[in-house]
Amino acid sequence: MLKPEITKTWLNWLKMALLVGLAAYFAFVVLSGRWAYYIDPRFQWLSVVAVALFTLLALSYLRGRGTDPDDDFSHRETTSLWAVLILSVPLILGVVVPARPLMSSAAGTRGVDTDFDSVTLSQSSSKSLTIVPGERNVLDWGRVIASSSDTSQFNGEPVDVVGFVYRDSRFGDDTFMVTRFTISCCVADALAVGLVVRVPEGMESPTTDAWIRVVGTFQEETFDDNLIPVVVAESVSAVSQPDQPYLYQ
Amino acid sequence: MEEKIIVFSTVFLGIFIEAAPFLLLGSFASGLVEVFVSRDNMTRLVPRSIIPATLMGGMMGFAFPVCECGVVPLTRRLFIKGFPVSAGIAFLLAAPIINPVALASTYAAYGFGDVLVMRFALGLTIPVFIGMVFAVAGSAPKILLPSTYLAPIRGASGVTSDSVERLEAIKVDAPVAGVTTPEPLVAQLRQATRVANDEFFEMAKYLIIGCILAALMQTFVTQEDILSLGSGPVTSVIFMQVLAYVLSVCSTVDAFISLSFVNAFTTGSILGFLVFGPMVDIKSTLMFLGVFRKNVVFYLVAVAFLSVLLVSVFINLNIGL
């Protein structure tokens, strides 16, 4: 492999700068609330640990350099400029690419279930059952519907949920899905959960990827050859993207 | 396309932000081992014969709360300290599964039952088995990279042209046991930080390339593509193992993720996911390249994949929990 020529001193300064940059980026992710685009809140403290350890590593470049021949950090040829370049990828992506939570375009490759096969049925699903229908979010509804065998039992139940608009080839102009991603660790395991919504004639249908609040009632209808509870919308209003765009399993 | 780049960036940063703290912790653990565990300790503590040594390597997984990112630098350091190859491989593969954090999250997801017990049992026996396979297959210089096999005792872990000489020089200079004046703790901790630093830079590049590959797969390959493999007793296991490899989710939380598949998939395939994923996935495969020779990395992944597949299919066909 081509090895760019660079003096050890410069390489050390670069590595230190990189560590400072990573510490600053992790601190920014935690403080700005940006973490909510990437990880489950349970793991936020790990990012704080990372800030501390990156800082410690960066500081170690300042202490005692040059006093002891063993303090020369790069004995090895393997820690080349390439390693530094690869390590700067997270910083470059974090700074240059606009930060956005996963939306419809990601739901495409992951698929969105209308029959809630993929909704986790863990201990927390019983918790969703105890929530008043009007206060359940998309994931709560997914769990409740998945744990029931008779979908007609939801007829007439009030729905009031927030999510983004998802459409694929199964949807017409007057139907869409009000959708949220759910994560249990980080976005690598994100799954989309959604409720099928039908807007009555005369009401404007929202555009794909818009964040909306849907108020309506369930009605058992046939969708994509399945009998499922469909939300018949009474009102669809635009809302701003929630601070925590994902729901947590 | 712009949309795809944003999705790629979000998934990449998600995995990186989740994994980097574990890699840092693993690097510091490695630094502490370097400073506080001597080669002499190692030869004293590790049994001579292969079977007890490998078992010990596997069991050590209990003691270290590391996932598959943190365990790689730690294992590398153990090798540098003279840890036997078979024991190191058993530790490398078992620790992400049987460590207290992973067990606690499996318990939280599944409660006490078949899945927890089988995950633990397989997570110990399969790595020990693979460790022994490699003990029979070849000697340490054939399996490990030169930099993990021969390294200077102090300072960075690589081999430079003069490292062997340095090694000799240090041996000659080393004071007779018993009259050593202990280094001050601060100096030792500084040395540990320095080793952690080297370790981090050595491993982080593999982690990042792994995150890039995992994020690319997640952005461009649909789960339906993988699902088209089918859901029979054999194909479902292959699907779940491939998925575990591709998702590259941290072993401390993969139990929660597997819950989403419990209804649709066989128990054997869930176990395949829970046992194979922590042993190897895209990012850890790349990190292995910093420890083992290239062909060994290939065999390690293949042997792990096939042995988990075999056991999981057996469970599906004969036990059907």
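**The core and the parts around it**

A: Of the 321 residues in chain B, 55% count as buried, meaning that 20 or more other C-beta atoms lie within 10 Å of a residue's own; 12 or fewer makes a residue exposed, anything in between partly exposed, and the C-beta atoms are placed from the backbone. In chain A, 39% of the 249 residues count as buried. Keep in mind that this is a predicted model, where local features need pLDDT of at least 70 and side-chain atom pairs count only at pLDDT 80 or more, while totals for chains, interfaces and linings use all residues. Residues are numbered from 1 along each chain as its sequence is written, and chains are lettered from A and ligands numbered from 1 in the order in which they are written.

Now for the core itself. The largest nonpolar core holds 167 residues; such a core is a set of buried Ala, Val, Leu, Ile, Met, Phe, Trp, Tyr and Cys residues joined through C-beta atoms within 7 Å. The residues with the most contacts inside this core are A:Phe54, A:Val197, B:Ile15, B:Ala19, B:Leu23, B:Leu207 and B:Cys211. Helix H1 of chain B, residues 2-36, supplies the largest share of the core, with 18 residues. Domain 1 (8-96) and domain 2 (104-248) of chain A each give the core at least three residues. In soluble globular proteins, nonpolar side chains tend to be buried together.

Let us follow that helix. Helices here are DSSP runs of H or I with at least four residues, strands are runs of E with at least two, and both are numbered from the N terminus. H1(B) is largely enclosed by the rest of the structure, because 28 of its 35 residues are buried. At 1.5 Å a residue, H1(B) should span 51 Å, where the expected span is 1.5 Å times one less than the number of residues. The end C-alpha atoms of H1(B) are 50 Å apart, which agrees. There is a bend of about 30° in H1(B) at B:Ala19, and a proline, B:Pro21, follows within four residues; the bend is the angle between axes fitted to the seven residues ending there and the seven starting there.

What does B:Ile15 touch, leaving aside its neighbours within four places in sequence? B:Ile15 sits in helix H1 of chain B and is buried, with 30 other C-beta atoms within 10 Å. Its contacts reach into both chains: A:Cys186 and A:Ala188 on one hand, and B:Cys211, B:Ala214, B:Ala215 and B:Ser248 on the other. A contact means that two C-beta atoms, placed from the backbone, lie within 7 Å.

Chain B also has helix H11 (residues 185-220), whose 36 residues should span 52 Å, and its end C-alpha atoms, 51 Å apart, agree with that. H11(B) bends by about 30° at B:Met203. In total, chain B has 17 helices and zero strands. Among its contacts between residues at least 6 apart in sequence, 83% join residues at least 24 apart.

Chain A brings strands into the picture, with seven helices and seven strands. From the N terminus on, its elements run α-α-α-α-α-β-α-α-β-β-β-β-β-β. A:Val197, one of the core residues with the most contacts, touches A:Thr175, A:Phe176, A:Met177, A:Val178, A:Val214, A:Val231 and A:Ala233, leaving aside its neighbours within four places in sequence.

The two domains of chain A, with bounds from an automatic or database domain assignment, also meet each other: eight residues of domain 1 are in contact with nine of domain 2. The domain 1 side has six nonpolar residues, one polar and one charged. Here Ala, Val, Leu, Ile, Met, Phe, Trp, Tyr, Cys and Pro count as nonpolar, Asp, Glu, Lys and Arg as charged, and the others, Gly among them, as polar.

For contrast, step out to a loop of chain A. A:Asp225 lies between S5 and strand S6 (226-238) and counts as exposed, with 6 C-beta neighbours inside 10 Å. Its phi is near 70°, a positive value in a residue other than glycine. Most residues other than glycine have a negative phi.
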